[in-house]
Amino acid sequence: MSRTTTQPHPLAPHADRIDPLEVYTVRRVAALLGMAPTSVSGLVTHGFLPGSRLRPHARGGRQHVWTGKQLLRIAKRPVRVEYDHAKFAPATLYRVGCRCPACVGSAQR
């Protein structure tokens, strides 16, 4: 059994601090969200921060960049989260945010 819920995007609470005229790198988005850059890279990999452009990094390689305008648009989109009860235990799903009766019941034990 799967249950899908809609949640605000992780950028939504920080939208008032995003300047639409600025360019944001993974490090700047991480600082904005109070997260590690590797966690923001995970958001990119899993599609939570779409539309980035890859630009050469000063020390070699490439880095993802977004305009502030793009980030503001992304922040307005709700995120759909699917809790797969056939795959994970109720206690695990409760810890990541599922509040169905089975998961809430496991947390009360």
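Colour the chain by pLDDT, the predictor's confidence in each residue, from 0 to 100. Helices (H or I, at least four residues) and strands (E, at least two) are DSSP runs, numbered from the N terminus. The chain mean is 91, with 98% of residues at 70 or more.

This is a predicted model: local features need pLDDT of at least 70, side-chain atom pairs count only at 80 or more, and totals for chains, interfaces and linings use all residues. Residues are numbered from 1 along each chain as its sequence is written, and side-chain values use heavy atoms, leaving out hydrogens and water.

Next, select E22 and R28. They form a salt bridge (a side-chain nitrogen of Lys or Arg within 4 Å of a carboxyl oxygen of Asp or Glu). Their closest N and O atoms are 3.3 Å apart. The structure holds 1 salt bridge. E22 has 33% relative accessibility and R28 has 36%. Both count as partly exposed, a class between buried (under 20% relative accessible area) and exposed (over 50%), with a 1.4 Å probe and protein chains only.

Move to T38 in helix α2 (residues 37–45). T38 counts as exposed because its relative accessibility is 65%.

Finish at helix α3 (residues 68–76), where K76 lies. K76 is exposed, at 71% relative accessibility.
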